[in-house]
Amino acid sequence: GTFYNWQRGRNENLFSLRDIGKSDNIVFDAGGDIVQFFLFKNGALDAINELKIGGRIFSQRLSDVLGASEELARTLKEKYSNNGLSSRASERIKEIFGLEKGYWKENLNSGLKKMGWEGSFPANVLVFGGASEIPEIREVLLGISSQPSCRLKIIYPKDLCGFECLAKIL
């Protein structure tokens with residue numbers, strides 16, 4: 001995978017997953033119904049938490065506003081997330097998602113504040129899971145770091161090749 005350095009506006013291969021063990025990182029598993037997050041300090045797991053909010057709220061909002069089935073709304077959300085819609089359709093969905101983006105950000109910030117993590121994140125934000133493709137979620141996650149050089153890496157299954165589960169649960 002590639003880190004997206006949004007400060008420069010272009011993709012740059014700035015980080016390898018092998019570097020997780022060498023630095024501080026926050027990793028988000030953004031699913032449909034919940035988001036789990038893991039804070040690593042010096043490569044060691046420091047803390048874990050989860051929020052009861054995921055990417056499904058974006059599909060539900062599209063379904064409500066457009067009067068479409070949730071299945072169709074999910075398909076539209078996925079096409080939007082992968083730049084598969086016209087610019088006009090994408091702008092309309094971005095507008096519809098504005099409220100959910102704010103709600104999602106508010107819930108994330110509240111959860112982080114309760115844990116005392118607010119503003120103390122490292123520059124490396126890694127995210128995986130189905131909801132990681134939603135641009136609004138990536139923007140919120142990128143904005144959690146207080147460091148101006150914050151980098152976001154989306155982790156795809158192919159990026160995990162060669163990793164061994166030391167807990168022997170997989």
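I looked up how H3 passes H4: the crossing is right-handed. By the definition I used, a crossing is right-handed if the near helix is turned clockwise from the far one by less than a right angle, and left-handed if anticlockwise. The model is predicted, so local features need pLDDT of at least 70 and side-chain atom pairs count only at pLDDT 80 or more, while totals for chains, interfaces and linings use all residues. Residues are numbered from 1 along each chain as its sequence is written, and side-chain values use heavy atoms, with hydrogens and water left out.

H3 packs with H4 (residues 135-142) at about 35 degrees, axes 9 Å apart. Axes are lines fitted to C-alpha atoms, for helices over the stretch in contact, and angles run from 0 to 180 degrees between N-to-C directions. Helices (H or I, at least four residues) and strands (E, at least two) are DSSP runs, numbered from the N terminus. I listed the contact residues (heavy atoms within 4.5 Å). H3 gives Lys94, Phe97, Lys101, Trp104, Lys105 and Leu108; H4 gives Glu136, Ile137, Glu139, Val140 and Leu141. They divide into 6 nonpolar, no polar and 5 charged.

Next, the core. The largest nonpolar core has 31 residues. Such a core is a set of buried Ala, Val, Leu, Ile, Met, Phe, Trp, Tyr and Cys residues joined through side-chain atoms within 4.5 Å. Buried means under 20% relative accessible area, exposed over 50%, partly exposed in between (1.4 Å probe, protein chains only). Phe28, Phe37, Trp104, Leu108 and Leu141 touch the most other members. H3 (residues 87-115) gives the most to this core, with 6 residues. Apart from it I found another core of 5 residues, including Phe38 and Phe40.

I then checked Phe37 in the strands. Phe37 stands opposite Asn49 in E5. E4 (residues 35-41) and E5 (residues 44-51) pair in the antiparallel sense over 7 bridges; pairing takes at least two DSSP bridges. Their hairpin has 2 residues between the strands, and Asn42 takes a positive phi near 50 degrees.

Last, H1 and H2. The axes of H1 (residues 56-66) and H2 (residues 70-81) come within 8 Å and cross at roughly 115 degrees. This crossing is right-handed. I find Ser59 touching Glu70, Ala73, Arg74 and Lys77, leaving out residues up to four places away in sequence.

Note on methods
Nonpolar A, V, L, I, M, F, W, Y, C, P; charged D, E, K, R; others polar.
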